[in-house]
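Colleague: I am new to this structure. Could you walk me through how to read it?

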Amino acid sequence: MSKTFEDLISKVTACSKKKLSVAVAQDDAVLEAVRAAKERNIADSILVGDEDKIREIAGQMNMDLTDYEIIDIKDPIEAATKAVELVHNGEADMYMKGLIDTKDFLKSVLNKEVGLRTGRALSHVCVFEIPGYDRLLFLTDVAFIPYPSLEDKVDIINNTVEIVHACGIPNPKVAPLAAVEVVNPKMPVTVEAAELTKMNEEGKITGCIIDGPLSFDLALDPEAARHKGAEGRKIVGDADVFLFPDIHAGNITYKSLVHTCPNVKNGNILTGTKAPVILTSRSDTFEVKVNSIALAAVVAEAMNN
């Protein structure tokens, strides 16, 4: 079971090295992460984009490109199409966003001919390593689906459970979060959380344990569960996955952890695709990008088995 990002990286380096396809790779932050991933034996990379600019940036970074495959395509849209096609055709295991608008990057992911569609809703998973917490925490969805329907939440859970399983956690506990831990018909989120729990009990959602609705404190803190007399719940402060009711709750929690929790580590991945997709932002740190590549490599290994 992986409890830290170092555990994930150790898991990756014990397998065959993965291949990463980067769309519009002329970006210093992305190249820095790609270099670290190669040096740490996580992944080799195919750099698709403007070769002149890639080499110029690499020169400024003292990055040796001798062992990198570079595909010279100046137009960003064409570069993304080629980069995702490499993954679609099995020539690369993972797909990463470089210096391209997110909407254009996602269009390539959803390309009907060469993209990575599966028919499921796409969703975003953030994995956190928090000092003092004895496991990795999986947060979803914090960046992609604004107001998930019940059907969306089923897809989000299935997408996320695949990621958690790949990280070595066989039967994760999923907490559909709400402001309260009881069903209130005036709060539709609690009704949907109870429905997800019922679907899990009936075998319609498998590979995990779902217990909702749950308030954040009951999902995270065993002492809070004890004080509230919730020891009989399936989840008593030991959730692996936090399923958020909407993007606002998820995004606020994500940014609160990033900006207020000292020494926190995280990595992010887009799910619901045929292969792992790394969708980081310019504001994400170097470490987040490397962690995200490591997470994608673990998932790619599981998908290939």
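**Reading helices and strands**

Modeller: Start with helix H5 (residues 102-109), whose buried residues are Asp104, Phe105, Leu106, Ser108 and Val109. Buried means under 20% relative accessible area, exposed over 50%, partly exposed in between (1.4 Å probe, protein chains only). Helices (H or I, at least four residues) and strands (E, at least two) are DSSP runs, numbered from the N terminus. This is a predicted model: local features need pLDDT of at least 70, side-chain atom pairs count only at pLDDT 80 or more, and totals for chains, interfaces and linings use all residues. Residues are numbered from 1 along each chain as its sequence is written, and side-chain values use heavy atoms, leaving out hydrogens and water.

Colleague: What do the buried residues of H5 pack against?

Modeller: Contact means heavy atoms within 4.5 Å. The partners of H5's buried residues are strand E1 (18-23), helix H4 (76-88), strand E4 (94-97), strand E10 (265-271) and strand E11 (277-278).

Colleague: Is Ser21 buried or exposed?

Modeller: Ser21 is buried, with a relative accessible area of 0%. Ser21 lies in strand E1. Leaving aside neighbours within four places in sequence, its contacts include Ile46, Val48, Ala83 and Met96.

Colleague: At roughly what angle do the axes of helix H1 and helix H11 cross?

Modeller: Axes are lines fitted to C-alpha atoms, for helices over the stretch in contact, and angles run from 0 to 180 degrees between N-to-C directions. H1 (residues 5-13) and H11 (residues 286-304) cross at roughly 50 degrees, and their axes come within 9 Å. So H1 is oblique to H11. Angles under 35 degrees count as roughly parallel, over 145 as roughly antiparallel, 65 to 115 as roughly perpendicular and the rest as oblique. On the H1 side, Phe5, Leu8, Ile9, Lys11 and Val12 make the contact; on the H11 side, Asn291, Ala294, Leu295, Ala297 and Val298 do.

Colleague: Which way do the residues of strand E7 point?

Modeller: In E7 (residues 173-176), Lys173 and Ala175 point one way, Val174 and Pro176 the other, and all are buried.

Colleague: How many bridges join E7 to strand E8, and how many to strand E9?

Modeller: Two strands pair if DSSP finds at least two bridges between them. E7 runs parallel to E8 (residues 209-210), joined by 2 bridges. E7 also runs parallel to E9 (residues 241-243), joined by 3 bridges. Val174 stands opposite Ile210 in E8, and Ala175 stands opposite Phe242 in E9.
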